[in-house]
Amino acid sequence: MKYEIKISKVDKSRVDALDFNNIPLGTTFTDHMFICDFENGQWVNPRIEPLATIPTHPAAMALHYGQAIFEGMKATLDSEGNPRLFRPTKNAERLNFSADRMGMPDFPETLFVEGLKQLVALEKSWIPPQDGSALYLRPFMYADEPFIGMRAATHYKFIIIASPAGPFFSKRIKLWAERKYIRAVAGGTGEAKAAGNYAAAIRPTELAKASGYDQVLWLDAVEHKYIQEVGTMNIFFKIAGKIITPKRDGAILDGITRNSVIELLKHKGFEVIERSISIDEVKEASNNGTLEEAFGTGTAVGIAYIQEIGFDGDVIHVSNESPVGLDINNTLNEIKTGKIEDPFNWMVKVENERA
Ligand SMILES: Cc1ncc(COP(=O)(O)O)c(C=O)c1O
């Protein structure tokens, strides 16, 4: 189905005020947003309009009962300077998976991708051209019905905002394997990209940071020993030549980078095993010299190389070299910028803005 998206543009873009060599993280937003309302059981009035604050009723249900979900993805420029999206349909599918878990309405996947394309086409001049830079896109949905009472809301907003992001210089990161707090358990909301998952992670992450770690490494909620994922990344280990990543157990996020890295690794001839892996197994591999690499995967950072994992007064050291992680990161970046062929057809072209 073709959707008619109404577009009203700003009189003058703010892009000229942006220093592309020094983009502040997460605080710069482009001129426009895509917005659509859910009323009377359907999504209506898809439109692109100047980015602005949205009046919120104090009884808006998202504020009280937490019906709020989001996605994160990036638009990059290819070698001819045309914008491309990385696997946007995957984000559309995951948004609807999250919506289903949180009792929220499906958002039409074709409208999701069309809204993204038209917004990105309009905001093309905001896409940083430097290697490793991108336009970060944040689609999200929340309940804006004013109502006190515990039930699914009947009014929602779906919005996409965009924020230019400079290159991410990956320093090796330190993780804190968390045994007291947990992120998720099968049957809960961990597999959904629900705002509340992140709220619950804030305090443990602050504590880990105060102890000198960059992010929390979440362990399973029952035995507190099986590795799940990192704050905003999935995790991979290379042990004795094999790549191991925690299997999807209903509690971890189905990362689009995770899925792509698994496909890429297999394409490059590696054996990739999705299974349970305990923190003790990783410690043992570090002790006996078979822990060759550990890296996180996610939209924001691509690949983040892990230097060490602290837990229970102990520390797991990881080798300083990450040849496989580095190779995968380079290949992913080259696919995203069109420098090499895209063997999986992951990239989706964005047509230039209509005249
Ligand atoms: C909890 C969590 N795990 C994993 C990921 C990585 O997912 P993706 O590769 O789709 O960005 C993210 C980021 O969205 C996340 O927030």
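1. Contacts of Thr245. In this predicted model, Thr245 is in contact with Ile235, Phe236, Arg258, Ile262, Ile273, Glu274 and Arg275, leaving aside its neighbours within four places in sequence. Thr245 belongs to strand 13, which covers residues 242-245. Its relative accessibility is 1%, and because buried means under 20%, Thr245 counts as buried. A polar atom of the Thr245 side chain lies 2.6 Å from the backbone oxygen of Ile235.

2. Ala285. This residue is found in helix 6, residues 279-287. Its relative accessibility is 4%, so Ala285 counts as buried too. Not counting residues up to four places away in sequence, Ala285 touches Ile239, Thr290 and Leu291. Trp176 is 109 residues from Ala285 along the chain, and the C-alpha atoms of the two are separated by 18 Å.

3. Two side chains each place an N or O atom 2.5 Å from an oxygen atom of the ligand: that of Tyr198 and that of Thr257. Ile256 takes part through its backbone, with an N or O atom 2.8 Å from a ligand oxygen. The ligand exposes 390 Å² when taken alone, and the protein buries 96% of that area.

4. Ligand: the shell. Helix 5 (256-267) and strand 15 (291-298) are the elements that give two or more residues to the shell around the ligand. In total, 16 residues surround the ligand, with Lys193, Tyr198, Glu229, Thr257 and Thr299 the closest. By class, the shell has eight polar, four charged and four nonpolar residues.

5. Largest nonpolar core. In soluble globular proteins, nonpolar side chains tend to be buried together. Here the largest nonpolar core has 51 residues, and those with the most contacts inside it are Phe34, Phe107, Phe112, Leu137, Met141 and Phe158. Helix 3 (residues 109-122) supplies the largest share of this core, eight residues.

6. Met141 and the other core. Beyond residues up to four places away in sequence, Met141 touches Trp43, Gln67, Ala68, Ile69, Leu95, Ala99, Met104, Pro105, Phe107, Tyr156, Lys157 and Phe158. Phe107 and Phe158, on this list, are also among the residues with the most contacts inside the largest core. Apart from that core lies another, of 25 residues, including Leu219, Ile227, Ile235 and Phe311.

Methods: Residues numbered from 1 in each chain as written. Predicted model: local features only at pLDDT ≥ 70, side-chain atom pairs only at ≥ 80, totals over all residues. Heavy atoms only, no water. Near = heavy atom within 4 Å. Polar contact = N/O pair within 3.5 Å; in protein donor to acceptor, adjacent residues only side chain to side chain. Areas by Shrake-Rupley, 256 points an atom, 1.4 Å probe, with all protein chains shown as cover. Helix = DSSP H or I, 4+ residues; strand = E, 2+ residues; numbered from the N terminus. Nonpolar A, V, L, I, M, F, W, Y, C, P; charged D, E, K, R; others polar. Core = buried A, V, L, I, M, F, W, Y, C linked by side-chain atoms within 4.5 Å. Buried < 20%, exposed > 50% of the residue type's maximum accessible area, 1.4 Å probe, protein only. Contact = heavy atoms within 4.5 Å.
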